[in-house]
Structures are given as structure tokens and as C-alpha cells.
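Here is a short briefing to read alongside your viewer. Please keep the sequence and the 3D model open as you go.

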Number of protein chains: 2
Amino acid sequence: MSANAAPLERLIESFGKLPGIGRKGAQRLAYQVLSMDKTEAMAFAQAIVDAHTKLHRCKVCQNFTDGEVCSICADGARDHSVICVVESPRDVGAFERTREYRGEYHVLHGLISPMDGVGADQLTIKELLARLKNETVREVIMATNPTVEGEATALYLARLIKPLGVKVSRLAYGLPVGGSLEYADPTTLGRSLVSRGEL
Amino acid sequence: MSANAAPLERLIESFGKLPGIGRKGAQRLAYQVLSMDKTEAMAFAQAIVDAHTKLHRCKVCQNFTDGEVCSICADGARDHSVICVVESPRDVGAFERTREYRGEYHVLHGLISPMDGVGADQLTIKELLARLKNETVREVIMATNPTVEGEATALYLARLIKPLGVKVSRLAYGLPVGGSLEYADPTTLGRSLVSRGEL
């Protein structure tokens with residue numbers, strides 16, 4: 001039997017359900033919540049409730065939003081003719097931080113992965129194709145991860161989208177900026193050679 | 001401006017307030033909460049609320065409990081004549097897992113640390129001394145961390161407790177079990193030599 005009181009044990013278990021957090025990490029976090037002042041802890045609990053009750057998918061791009069349409073899709077100043085297709089809402093944030101991209105997004109909420117039992121019908125592919133039919137989209141940028149699943153999903157989508165007369169592009173492979181040639185894996189280095197540009 | 005909807009941003013901020021969790025980690029955790037099913041997320045929020053409303057300090061040992069007295073202090077089968085003094089409730093769990101200790105605990109809820117502005121009066125020292133006066137305690141084991149603050153607190157308490165006619169002991173220093181001599185720091189190795197035992 002654990003010496004922990006039941007409410008503490010339940011909090012530890014809740015933290016432990018988060019992927020990447022083991023029993024020890026969950027314990028540490030639970031004690032840290034206990035040492036927060038009460039207002040802060042209540043705000044934390046309310047934030048979890050709010051995230052689940054107030055957030056839903058944007059009816060256009062499927063990113064999380066508390067409105068009907070997310071702030072990016074609702075922004076008239078953005079380029080509605082380009083859609084960047086990403087695996088998850090996190091990736092939207094990553095692109096926004098580059099400050100390089102002014103187009104729209106489409107969040108798949110996963111990648112095709114037969115090993116994990118995720119098929120094309122569990123992703124938001126229907127919604128993407130509907131957007132391509134209704135909107136005047138020029139280009140779809142496949143921005144899934146450079147992994148087996150990311151590649152497979154990108155290729156699968158490209159096959160579906162090209163017949164609609166929309167240009168499909170893929171993120172460039174190459175050396176990470178600030179990285180060292182020495183530490184680049186052979187595949188990445190090979191790709192950076194093949195895709196070399198003129199100076 | 002962040003592209004995140006306000007409820008998501010608030011959840012990320014709440015996670016970010018936990019020590020050791022940066023902005024990226026907080027984002028990852030927030031999205032993981034969003035991908036939980038609703039029942040699980042509500043249970044998580046409730047666990048935080050419960051931990052703060054139902055838990056308080058055991059009136060004897062100052063560990064967290066949901067009763068008036070914690071399960072260890074209430075356990076008649078434990079040895080009430082020995083008190084193990086620890087910094088935090090986490091340490092109680094660590095000793096319980098050894099299954100070696102059948103005495104009681106006293107949780108200081110901190111260590112004396114002038115650098116961090118923590119003085120003796122912010123710890124539960126008053127409560128410890130009251131226990132020593134009212135109960136028939138034979139021995140107090142100082143089980144604070146082997147750090148500067150842990151040592152200072154142990155020495156400070158020993159000075160207060162010894163005049164009461166109670167034996168004060170300290171955890172042994174030495175090589176970690178299963179560790180390698182080669183990797184032991186000189187101070188630890190020196191201590192293990194000084195405290196060597198007969199075979």
C-alpha cells in the first residue's frame with residue numbers, strides 16, 4: 001500500500017497518464033501543484049476544464065480554436081491560396097514562429113500509420129479535399145515530418161490532390177541551419193547535395 | 001501574438017508554472033491533455049482541486065493527509081519511539097519503499113537556507129519539539145539531504161534536541177549500493193573509508 005493519501009495518489013495518477021511522465025516525474029509534479037498557492041492551483045484545474053469544454057476544431061483548417069473559425073483562417077490579410085498541411089496543431093505554432101509563412105494551414109490530426117492502426121479515414125483528409133473544391137487554392141505544401149509515416153501521408157495526399165489541378169509541394173530536405181556537416185547523417189547530406197542551389 | 005486560442009494559451013501557461021517545465025514542454029503537455037478523452041481530463045482537473053481542498057498537514061508528523069492524522073501516525077503497529085526527520089513528503093515515500101523502517105516521520109517542509117530566505121521558524125521545528133516533549137521518543141534520525149542546507153539543518157536540530165535527552169542520529173554516508181568505486185567522488189569515498197565497518 002502506498003503511504004500517500006488518496007487525493008494525492010489520484011493527482012499523481014493523473015499526471016502519470018501524460019505520455020513521457022513516469023511515476024517519479026508524476027510525483028514531483030503533484031507535490032509542486034500542492035506547493036502552488038490555492039488561486040494558482042484552481043486556475044490550473046480550470047484551464048484543463050476550459051481547454052476541453054471551450055476548444056474545438058476550426059471548421060476550416062481543423063486547428064484548435066475557441067471560435068467557429070480560428071484566428072488564422074479568419075485573418076483576411078493572409079494568403080488563402082496556399083495551404084500548408086501539417087500533422088498536428090503544434091506544427092502550426094512552429095511555422096508561425098518562423099514569420100516566413102503567410103498562407104493558411106490544414107491540420108491532419110495524425111499521419112497514416114498502418115502499424116498504429118491509423119488509416120486515411122481517421123485524418124481530416126475529407127475536410128482538406130472539400131476546401132480544395134470550394135476555395136481557390138493554388139498550392140498545397142506537404143509539411144508532414146520527414147519520417148516514414150510523414151512521407152507516406154504526403155505521397156498519399158499528393159496522389160489525391162494533383163488530379164484536382166492544384167500544385168503540391170514538399171518541404172526541402174537539407175542541412176539544419178547552424179548545424180555541422182560532420183554531424184549530418186548520410187541521408188540528409190545526400191539530399192542536401194541533390195537539392196543544391198545556385199549561389 | 002500567439003496563434004493559440006486563449007483557453008489553450010492559459011493551459012500552456014499553467015503547465016509552464018511548474019518548475020522544470022519550459023515553454024516547449026508546457027505546450028507538449030497541454031496538447032496531450034487536449035488529446036485525453038473528456039472524462040480523463042475532468043478527473044485530472046478534479047484531482048488538482050481535491051489535492052488542494054482535501055489535503056492538509058497531519059497534526060502529528062506534518063506529512064500531507066486527508067484525515068486528521070496520517071495513516072503512518074495512526075498505525076499502532078509502528079514504532080512510536082523513533083522519529084525520522086525529513087525535508088519533504090517525497091522523502092517519506094522514499095523511506096517507505098525501502099521497507100526497512102518501521103518508525104515514525106516528521107516532515108520539516110523545507111531546510112534552513114539563509115540564501116533563499118528560509119529561516120528555522122518557517123519549518124515545522126516547533127511541532128517537532130512539541131512531539132519530543134509529549135511523546136516517549138527514544139531516537140530522532142536526521143534524514144535531511146547530504147547537502148550544505150541539509151547538514152546545517154541537521155546540526156541545528158541536533159543542538160536543540162540533545163538537551164531534551166533524546167538520541168540524535170544521522171544517515172550514513174558511503175558508497176551507493178551497486179555503484180562503482182571508480183565513479184565515487186573523493187568526499188564520498190573518504191567518508192566511506194572513515195565509516196568503514198568490520199566484516
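Predicted model: local features only at pLDDT ≥ 70, side-chain atom pairs only at ≥ 80, totals over all residues.

Residues are numbered from 1 along each chain as its sequence is written, chains are lettered from A and ligands numbered from 1 in the order in which they are written, and side-chain values use heavy atoms, with hydrogens and water left out.

**How the two chains are related**

- A rotation of 180° with 0.0 Å of shift along its axis places chain A on chain B with an RMSD of 0.0 Å; copies are superposed by least squares on the C-alpha atoms of residues with pLDDT of at least 70 in both.
- The two copies are thus related as by a two-fold rotation axis.
- Which residue of chain A comes closest to the rotation axis? That is Ala45(A), with its C-alpha at 2.2 Å.
- The copies meet through the same surface, because 100% of the interface residues of chain A are also interface residues in chain B.

**The nonpolar cores**

- A nonpolar core here is a set of buried Ala, Val, Leu, Ile, Met, Phe, Trp, Tyr and Cys residues joined through side-chain atoms within 4.5 Å; buried means under 20% relative accessible area, exposed over 50%, and partly exposed in between, with a 1.4 Å probe and protein chains only.
- The largest nonpolar core has 44 residues, and the members that touch the most others are Phe15(A), Phe44(A), Phe15(B) and Phe44(B).
- At least two residues of this core come from each of α1 (6-16), α2 and α3 (38-54) of chain A, and likewise from each of α1 (6-16), α2 (23-35) and α3 (38-54) of chain B. Helices (H or I, at least four residues) and strands (E, at least two) are DSSP runs, numbered from the N terminus.
- Leaving out residues up to four places away in sequence, the contacts of Phe15(A) include Leu29(A), Val33(A) and Phe44(A) in chain A, and Phe15(B), Leu18(B) and Phe44(B) in chain B; contact means heavy atoms within 4.5 Å.
- A second, separate core of 19 residues has Leu108(A), Leu129(A), Leu132(A) and Val140(A) among its members.

**Aromatic rings**

- Over all chains, the whole structure holds 13 aromatic pairs. Rings of Phe, Tyr and Trp (its six-membered ring) pair if their centres lie within 6.5 Å; planes under 30 degrees apart count as stacked, over 60 as edge-to-face and the rest as tilted.
- Phe95(B) and Tyr105(B) make a tilted pair, at 6.4 Å centre to centre and with 50° between the planes.
- One aromatic cluster is made of Phe15(A), Phe44(A), Phe15(B) and Phe44(B).

- β3(A) pairs in the parallel sense with β5(A) (residues 139-142) over four bridges, and Cys84(A) stands opposite Ile141(A). Two strands pair if DSSP finds at least two bridges between them.
- β3(A) also pairs in the parallel sense with β4(A) (residues 104-107) over four bridges, with Val86(A) opposite Val107(A).

**Helices that meet the other chain**

- In α4(A), the buried residues are Pro89(A), Asp91(A), Val92(A), Gly93(A) and Phe95(A).
- Their cover includes β2 (64-65), β3 and β4 of chain A together with α2 of chain B.
- After α4(A) comes Arg99(A), with a positive phi near 55°.
- Gln32(B) sits in helix α2 of chain B and counts as buried at 12% relative accessibility. Gln32(B) touches Leu18(A) and Pro19(A), not counting residues up to four places away in sequence.
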